[in-house]
Amino acid sequence: MQAWQVHENGEPAEVMRLAEAERPTPADGQVLLRVRAANVNFPDALLCRGEYQVRPPLPFTPGVEICGETEDGRRVIANPVLPHGGFAEYALADARALLPAPESLDDAEAAALHIGYQTGWFGLHRRARLEAGETLLVHAAAGGVGSAAVQLGKAAGATVIGVVGGADKAAVARELGCDVVVDRRAEDVVAAVKEATGGRGADVIYDPVGGTAYAQSAKLVAFEGRIVVVGFASGTIPSPALNHALVKNYSILGLHWGLYNTKNPKLVQHCHEQLTELAARGAVKPLVSERVPLAGAAGAVQRVADGVTTGRVAVLLENGAAA
């Protein structure tokens, strides 16, 4: 089979190599899946760089999120078991963790309805307890993680403010349904959000960026507000001032979605059922901005790493087709 392999750590475009490889053999409790589509995630770039919390042995195949097909023809969503990731014709997955691919979504969309949307659902509903009528601020609102949070926030009845970088991404955020869009490259984020909220700030802030974005969040979180820390795409991990959280009376919530797979997998299944229902009625639909063939996977991972993409980039295999 064809598979992208990483033999040494570095930038994705430099270290990912497309090669012929042996089809992986499932261990106990695993299944072999024919990959239909693989969604590109920022962790794929971190894996290539050797900077992710999981460090598979070299060489490995990246690709942490796929829509695949079982031997009996079922279309499923899965997180491949590394080192046999999803940027290949076949991948391995935990048999207990397979989720049915929603019939309302094609392969690329189904592959993208997992990590980002599960993270958004757990962050907004399980951790922050977002309520209808509240104001939600989403950093990097036009990106893969942010776009999912925007859609989930709107589906929950929240007023959504999206912060983006650039006019093109601002247009995408508006199309996603943001009630207010702030271009951090052209506007003062703090001033613009305070003006939009009458000085009150946001009840829930969803932050996959860290760095400057978190500093802005601390200035913009409302009384009894909640900041959900999802990741650090900026590369800078902030050090929150807990005295500020005390004086201003807000909560800082960490979210590591992967832990639910081992700590409470039934919640992951429940979340998928909720997401499937939302997708069926059109309340959420993954924004797939690019669909590339397997040969384009390395370039796609590099573009996501460089932060120049919007929504999701999907790698489609020859057998990947509409549902």
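First, the ground rules. The model is predicted, so local features need pLDDT of at least 70 and side-chain atom pairs count only at pLDDT 80 or more, while totals for chains, interfaces and linings use all residues. Residues are numbered from 1 along each chain as its sequence is written, and side-chain values use heavy atoms, with hydrogens and water left out.

Start with Ala-3. Ala-3 sits in strand S1, residues 2-6. Strands are DSSP runs of E, at least two residues; helices are runs of H or I, at least four; both are numbered from the N terminus. Is Ala-3 buried or exposed? Ala-3 is buried, at 1% relative accessible area. Buried means under 20%, exposed means over 50%, and partly exposed is in between, with a 1.4 Å probe and protein chains only.

What does Ala-3 touch? Leaving out residues up to four places away in sequence, the contacts are Arg-17, Leu-18, Ala-19, Ala-21, Thr-61, Phe-87 and Ala-88. Contact means heavy atoms within 4.5 Å. Then there is Leu-294. It is 291 residues from Ala-3 along the chain, yet their C-alpha atoms are separated by 8.5 Å.

Now the charges. Side chains of opposite charge can pair when their charged atoms come close. A salt bridge here is a side-chain nitrogen of Lys or Arg within 4 Å of a carboxyl oxygen of Asp or Glu. How many salt bridges does the structure hold? The count is 15.

Take Glu-11 and Arg-49. Their closest N and O atoms are 2.9 Å apart. Glu-11 is in the loop between S1 and helix H1 (12-15), and Arg-49 is in helix H2 (residues 42-49), so this pair ties together parts 38 residues apart in sequence. Both ends are partly exposed: Glu-11 at 27%, Arg-49 at 22%.

Next, Asp-94 and Arg-96. The closest N and O atoms are 3.5 Å apart. Asp-94 is partly exposed at 25%. Arg-96 is exposed at 77%.

Lys-285 lies in the loop between helix H11 (265-280) and strand S14 (288-293), and Glu-109 lies in helix H3 (residues 107-111), so the bridge ties together parts 176 residues apart in sequence. Lys-285 is partly exposed at 43%. Glu-109 is buried at 8%.

Last, a network. Salt bridges with shared partners join Arg-34, Arg-36, Glu-69, Arg-75 and Asp-107.
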